[in-house]
Amino acid sequence: MTEQIRRFTDLRLADVERVGGKNASLGEMLGELSGLGVAVPDGYATTADAFRDFLQQGGLEARIGALLDGLDVADVAALADTGAEIRALVLAAPLPVELEAAIRAGYRELCGGEDLPVAVRSSATAEDLPEASFAGQQETLLNICGEERLLAAVKQVFASLYNDRAIAYRVHQGFAHRDVALSVGIQRMVRSETAASGVLFTLDTESGNRNVVFITASWGLGELVVQGAVNPDEFYVHKATLEQGYPALVRRTLGSKARKMVYAAAGADDPVAVVEVPAADRVRFCLSEAEVLELARQAVLIEKHYGCPLDIEWGKDGDDGKLYILQARPETVASRADRTALSRYQLKESGELLASGRAVGAAIGVGPVRLLDDLSAMEQVQAGDILVTDMTDPDWEPVMQRCAAIVTNRGGRTCHAAIIARELGIPAIVGCEDATERVRAGQMVTVSCAAGDTGQLYAGALEFEVLSSAPDKLGEPPLDIMLNVANPERALGFAMLPNRGVGLARLEFIINRQIGIHPKALLNYAEQDAAIRARIDGVAAGYASPVDFYVEKIVEGVATIAAAFYPQRVIVRLSDFKSNEYANLLGGAQYEPREENPMLGFRGAARYLAPAFRDCFALECRALKKVREELGLTNVWLMVPFVRTLDEAAQVIAMLRENGLERGRQDLRLIMMCELPSNALLATEFLQYFDGFSIGSNDMTQLALGLDRDSGLVADLFDERNAAVKRLLSMAIAACREQGKYVGICGQGPSDHPDLARWLLEQGISSISLTPDSVLETWAMLGDDVSP
């Protein structure tokens, strides 16, 4: 007799053929990981054999086969008509008596005789495998109460094996329709409609960087996150320091979370409903730091057990407050990307910005806009179109395959549109809010996802280039080649380049781009006018106070870079804004002097020591101390810029110590930016206070030659290879070598001039820090046994 159902606790991964990948995985986690703290709601599964028996009734399988034979899935109209006809046949067929009885008995046992809500999920025998996983092919039905509704839901899931996207997927993946069977998972509901839920990945979905766990979260049931109908909160947790016991939440981004899915009123036709989220809940994170870390711990445990990166759905129960894993499947896009060749997209011109949102896929797409409100006009989509719509769901997949790029108003980086765009290898911008209102049908546009987390939609067909390289063919260079990384949003991707760490991470970029507010305006928030306070309130939402916002954003920016490159060293330069640059920050003009030549004025160490700026500098120190000591990212070294005199060096070292950043404590290294002639001329004396030099060739050249590097009148005289500049650089390098201390260069010179890089190597420099776009070329030039 055919086995009709099996309890999850009796299943393991070896049962994929019996109950499909999803249900086998649930059984594996319940049986093998529950004792380690991974919480999975219990349930049971119908078997694949029971589904096959269902299809044998009344010749149903033969009728389905006849409809599918010869179907051209590229003909979306024919695909839609055929799929609808097959689903109608399945829904009209009765369940076998034995299967119906088993489903009823299983439900009574699971729910203790009560009509408790369950989730009804599909689990195909060709789904959620390491070599084949496609998001949302079949149905998931939530809040199903009672035996009759459960039986109807099981048939709906059976019918969903013949959804348009599922039919097309099997054809594209080479699976014969007859070879794929369906199991239905019936699982106790987690009451996340009164709490939160979402999706997480055990790697960064854009770069494939495996140092982090990436978590998305929104209020209510998780289907809106999966569908892309909501812009969720996002969190990054660093795996290595998490396992060392540190609270390793390195970055968080507040989503708008405008809507949520909840249980519908009793007796409603649809068991779930979508409602507006109260304004107060939209501007706060839906998970606490402790909950984010607990989710990450469970994810890391599951990943270690499975031995591969995972895509995991989770939910928080509003009744018991616990976090549950709802399903786990292999991640099959970023983890399988070809790392033997690197392609980097770069715009060669700028254009009118129409909209922006979350970037998916570090690529660029150009084409005419195809505006769609729904799928009724899907046949209008042509190859190379830019699809612009409110959101997508799995029914859109056949037409998405024709597009050069996708743009949606709603969704986060784990939504349906994002997942399918990655699978197809095309760029997408999700969560734009109003993209459909900013473009017109047929308009030529450019979708750029090549500049970090934010994707831009530009008017016109902008020119771009694709730079390709093969890092697997690179030799080993005779010194450390490091990267200059300004933007934390791109750090996880840059870390995938060949590198020996980060030679320059500029704090100003984080302050300017991630914060945008003068620290004095935050310290003196109550004194600001209403307009400035309103703008501060808008950007600081979700943080305890304006000052905490400033500190935490620095923490997040530095920690993201440090986590991306961990355990390699990351040298973070303390802020080096000039007075005019600080004045351009929100609220900054009232606190900054007007200087004739800010380049030579109130900057660097002199600013830190000034009484008017000490409280601002203390915030930087507080943030960096947290990164190293509370988050455990001790691979962060600190660099002090623009130290004019030995007295300044002594004072700034003392000030750092007063703020908890003591040289040598927890192996803290303090590096000085060697960028003034005085630094090279007194190199031996300066090194009494520092653990080494990082040469700033831009300012050194400017000050050695008496040039204003921003003046076009003398720009042609600016050359780091000038003999006087090289004499100063040689002195600095020699002093470091004599004392056995670190010496690197992080200026633009080696990136622009490979011959300068060779000369620095001859002088004995220990590292060269390059812009990411030049690292491969320079590495190849300096490496041994380099293939052409």
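# A guided tour of the predicted model

Begin in strand β4, where L141 is the bridge partner of V120. Helices (H or I, at least four residues) and strands (E, at least two) are DSSP runs, numbered from the N terminus. This is a predicted model, in which local features need pLDDT of at least 70, side-chain atom pairs count only at pLDDT 80 or more, and totals for chains, interfaces and linings use all residues. Residues are numbered from 1 along each chain as its sequence is written, and side-chain values use heavy atoms, with hydrogens and water left out.

**Stop 1: V120 and its strands**

Select V120, which is found in strand β3. Strand β3 (residues 118-124) is joined to β4 by 3 bridges, and the two run antiparallel. Two strands pair if DSSP finds at least two bridges between them. V120 counts as buried because its relative accessibility is 0%; buried means under 20% relative accessible area, exposed over 50%, and partly exposed in between (1.4 Å probe, protein chains only).

Now show what V120 touches. Not counting residues up to four places away in sequence, the list includes E139, L141, I144, V184 and G185. Contact means heavy atoms within 4.5 Å. Then select the whole of strand β4 (residues 140-144): 5 of its 5 residues are buried.

**Stop 2: S183**

Next, select S183 in strand β5 (residues 182-188). S183 is buried, with a relative accessible area of 0%. The side chains of S183 and N23 are joined by a polar contact of 2.8 Å. A polar contact is a pair of N or O atoms within 3.5 Å; within protein, one must be able to donate a hydrogen and the other to accept it, and residues adjacent in sequence count only if both atoms are side-chain atoms. A polar atom of the S183 side chain also lies 3.2 Å from the backbone oxygen of V19. Leaving aside neighbours within four places in sequence, S183 is in contact with residues including G20, A45, T46 and R121.

**Stop 3: the open sheet**

Move to the open sheet of 6 strands, in the order β9-β8-β7-β6-β12-β13, with antiparallel pairing. β9 (249-253) and β13 (323-330) stand at the edges with a single partner strand each, so one side of each has no neighbour in the sheet. On average, neighbouring strands of this sheet are turned by 20° against each other, direction ignored. Axes are lines fitted to C-alpha atoms, for helices over the stretch in contact, and angles run from 0 to 180 degrees between N-to-C directions.

Within the sheet, select β6 (residues 196-201) and β7 (residues 212-219), which pair in the antiparallel sense over 4 bridges. I215 in β7 is the bridge partner of L200.

**Stop 4**

Select P567, in the loop between α19 and β25 (570-573). The peptide bond from Y566 to P567 is cis, with omega near 5°. Most residues other than glycine have a negative phi, and most peptide bonds are trans.

**Stop 5: the barrel**

Show the closed barrel of 7 strands, which runs β15-β19-β18-β17-β16-β20-β21 with mixed pairing. Neighbouring strands here are turned by 35° against each other on average, direction ignored. Strand β16 (residues 364-371) and strand β17 (residues 386-389) run parallel and are joined by 3 bridges. The bridge partner of L371 in β17 is V388.

**Stop 6: rings**

The whole structure holds 12 aromatic pairs. Select Y608 and F617: their ring centres are 4.2 Å apart and their planes are at 15°, so the pair is stacked. Rings of Phe, Tyr and Trp (its six-membered ring) pair if their centres lie within 6.5 Å; planes under 30 degrees apart count as stacked, over 60 as edge-to-face and the rest as tilted. Both Y608 and F617 are buried. Elsewhere, ring pairs link F235, F285, Y543 and F549 into a cluster.

Finish at F642, in the loop between β26 (636-640) and α23 (646-658). F642 is not a glycine, yet has a positive phi of about 45°. F642 is buried, with a relative accessible area of 2%. R603 lies over the face of F642, at 3.7 Å from the ring centre. A charge sits over a ring if NZ of Lys or CZ of Arg is within 6 Å of the ring centre and within 35 degrees of the ring normal.
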